[in-house]
Amino acid sequence: MKELKKLVVVLLVAAFFIGMFIVCDRFADDVKEEYASGINPSLIGKGSNENDSSQPVAPSMLSVEKMITDMVSEGYTANITIAAAGDILCQYTQLDMAYDSENGSFDFSDSFKYVKDVFLSADYSIATLKTTFAGAGKGYTDDLAGYCSIDGYLNSPEVLALNMASAGISLVNTATNHALDSGLDGVRSTIRFLDDAGIEHVGTANASGVSLEKTIDIEGISVSFAGAANGLNTTLADEDAFCINLLDNYDDKKVRAFCSEITALKNSSEIVIAMLNFGEIITDLSDANLHQLAQKVADAG
């Protein structure tokens, strides 16, 4: 009796799998017939009729392996649009304009209203952040709600990060001469507020060992971003060197190290965008150092 029960179980299991195979095979034929007309005939069945790609392809001729092979041989192209803004910072006039004295709050939305559509219509939008988010009363301050715009040291209201994100900015370079305007704590705080706003960042780090670069998949294209500053408004202690990609006034060793980073990124991604903060302010001239550095970075990838 036990042997008979085992035989019955085996037969039932076999019948189940045979039935499933028949059902799946029938649905597979239906799917091939339904989607065959939607597949570009030029990408499949070429070997059977090279001279007439307009003829419909029978479902029986469909081959996933052949279709993929032919699509790769055709070559794949994709187009992306990256919008790039320049320096975002808050001088006293911007702080004053955005300040609501009645409730003691800031709103910088109006500063982006004429470019917001440009950022949002692009596949990805980037900018350079030349200020810190260290909190009210931190670092050098003035009398405007405890934020700073004096003597070249900048510390802006944290809501600016949210306003930037709402305007469509997805990534910023934080390696600028202003990066340490509020000290190392300001670097960490700036990164924290950018993270909270959902904005990616390159060029600075909040701890040793954290990458200063970022690779983003933009519509199927691997794009790497690297940021660097040529100088700072303040001195950087040796033990804090991890926090910023600093070229230290075109120092040859540091430039070569940065170029090596660019090359490494180029070997692992399709496009590399270097975001450099260099040159002099209040001038319409560029010097040989700028041209040489730009050429070295371009040669590196």
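Helices (H or I, at least four residues) and strands (E, at least two) in these legends are DSSP runs, numbered from the N terminus. The model is predicted, so local features need pLDDT of at least 70 and side-chain atom pairs count only at pLDDT 80 or more, while totals for chains, interfaces and linings use all residues. Residues are numbered from 1 along each chain as its sequence is written, and side-chain values use heavy atoms, leaving out hydrogens and water.

**View 1. A patch of negative charge on the surface.** Here D100, E102, D107 and D110 gather. Patch members have over 30% relative accessible area and no salt bridge, with like charges joined within 9 Å and nonpolar side chains (Val, Leu, Ile, Met, Phe, Trp, Tyr) within 5 Å. Asp and Glu count as negative, Lys and Arg as positive, and His and the chain ends are not counted; the charge is placed at NZ of Lys, CZ of Arg, CG of Asp or CD of Glu. D100 belongs to strand β2 (residues 99-100).

**View 2. A nonpolar surface patch.** Y114, V115 and V118 make up about 330 Å² of it, with areas taken from the Shrake-Rupley method with a 1.4 Å probe and, for residues, only the protein chains shown as cover. V115 sits in the loop between β3 (105-106) and α4 (116-121).

**View 3. The largest nonpolar core.** It has 24 residues, and I88, F108, F112, L160, M164, I169 and V172 have the most contacts inside it. Helix α5 gives the largest share, three residues. Such a core is a set of buried Ala, Val, Leu, Ile, Met, Phe, Trp, Tyr and Cys residues joined through side-chain atoms within 4.5 Å. Buried means under 20% relative accessible area, exposed over 50%, and partly exposed in between (1.4 Å probe, protein chains only).

**View 4. Salt bridges.** The whole structure has five of them, each a side-chain nitrogen of Lys or Arg within 4 Å of a carboxyl oxygen of Asp or Glu. K214 and E200 pair up at 3.3 Å, N to O, and this pair links distant parts of the chain, with K214 in strand β9 and E200 in strand β8 (residues 200-202), 14 residues apart. D185 and R188 meet at 3.8 Å, N to O; they are three residues apart in helix α6, so about one helical turn separates them.

**View 5. A positive phi at E219.** Most residues other than glycine have a negative phi. E219 is not a glycine, yet its phi is about 50°. Look for E219 in the loop between β9 (213-218) and β10 (221-229); at 55% relative accessibility, E219 is exposed.
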